[in-house]
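Please read the following account alongside the sequence and the model.

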Amino acid sequence: MKMRELRIVYMGTPDFAVYPLQKLLEAGHKVVAVVTNPDKPAGRGQKIQESPVKKFAMEKRIPVLQPERFRDERFLEELRGFQADLQLVVAFKMLPEVVWSMPPLGTVNLHASLLPDYRGAAPINWAVMNGETCSGVTTFLLKHEIDTGNLIFQERVEIGPNMTAGELHDQLMYTGADLLVKTVEAMAVGDYPLQDQGGLLAGREPKHAPKIFKEDMKVDWSLGVDAIFNHIRGLSPFPTAWTEFRNKKNGEIVSLKIFETERIVKDHGKEVGLSTDNKTYLDVLVKGGVIRIKELQLSGKKRMKTEEFLRGFHIEDYSL
């Protein structure tokens, strides 16, 4: 079958959405416009920041739309003016029906999980936090309920036993970019599958991936060694697991982020608590083993290796 040239509007904001856009252009597809978040102040200086997708689109001279509200009539008029055959969504906000139903071929979302599992805002983090050994990417057509539309294609990606959310993010970004190109090309020839997610669930509840809040990120040291290790790597490097140490003398509490740990499975026969030689290692004794903290960040300080941290912090004065 002959592949027709589709007019595509691409919607996305973060780094995860840049590489798929790049791959679409490299494959020769016609992206007529990009929709991304409005510029906003960020960082200590509160400088106005453009989204990674906007920066890339501007480099490629692709028109950029940055609506404050998707139902704004001026935005909808502009969007209609591009006469898109297809819209693609990668790591973007929820869209109202007036937007996702606009093109004749509909709107395709690239989602960073093997749907129907891990619907929601943080599928990469939750898959690692839950100790999954496999994830993947899915393309599907948008409909009213979030992440529930008919599936087009999927590709599996293995999660290594020590893989962080950041490493999985990059792997899924590369795999997802190829899958999105495959999806567009199948739609351009009019030959693509559509599978209802309900059949895959076979009556069970899907696993969910809701937005992660600060309390979700706090380490619960009462859990077992595997659960704690997965929790920390599932939040690394962002949004980052955190914990608190309490000063045994004055009760002062210090907060710190934990980026990297090592899991040591062994029967130490001791209570949950800190163990260190004050020079080279900082361990937390937990159920079923030891969590060795390798990289961390004290509140208000820079990210550092444990050896550097111990040179300036008297850990013997603190407990969990």
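**Salt bridges and a sheet**

The structure holds 16 salt bridges. The model in which they are found is a predicted one. Side chains of opposite charge can pair when their charged atoms come close. Three of these pairs are followed here, each with its place in the chain.

Consider the pair formed by Asp 39 and Lys 54, whose side chains meet in a salt bridge with an N to O distance of 3.0 Å. This pair links distant parts of the chain, 15 residues apart: Asp 39 sits in the loop between strand E2 (30-35) and strand E3 (40-42), while Lys 54 belongs to helix H2 (residues 52-59). Asp 39 has a relative accessibility of 30% and therefore counts as partly exposed. Lys 54, at 8% relative accessibility, counts as buried, because buried means under 20% relative accessible area.

A second salt bridge joins the side chains of Glu 132 and Lys 207, at 2.8 Å from N to O. Glu 132 is in the loop between helix H5 (123-129) and strand E8 (134-141), and Lys 207 is in the loop between helix H7 (197-201) and helix H8 (214-217), so the pair ties together parts that are 75 residues apart in sequence. With a relative accessible area of 19%, Glu 132 is buried. Lys 207 has a relative accessible area of 37% and is partly exposed.

Lys 249 counts as exposed, at 70% relative accessibility. As for Asp 39 and Lys 54, salt bridges that share partners join them with Glu 50 into one network.

The sheet comes next. Strands of a sheet pair through backbone hydrogen bonds, either parallel or antiparallel. In this model, seven strands form an open sheet with mixed pairing, in the order E5-E2-E1-E6-E7-E8-E9. Its edge strands are E5 (64-65) and E9 (151-158), each of which pairs on one side only.

Within that order, strand E6 (residues 86-90) pairs with strand E7 (residues 107-111) in the parallel sense, over four bridges. Which residue of E7 is the bridge partner of Val 90? The partner is Leu 110.

Conventions
Residues numbered from 1 in each chain as written. Predicted model: local features only at pLDDT ≥ 70, side-chain atom pairs only at ≥ 80, totals over all residues. Heavy atoms only, no water. Pairing = 2+ DSSP bridges. Helix = DSSP H or I, 4+ residues; strand = E, 2+ residues; numbered from the N terminus. Salt bridge = Lys/Arg side-chain N within 4 Å of Asp/Glu carboxyl O. Buried < 20%, exposed > 50% of the residue type's maximum accessible area, 1.4 Å probe, protein only.
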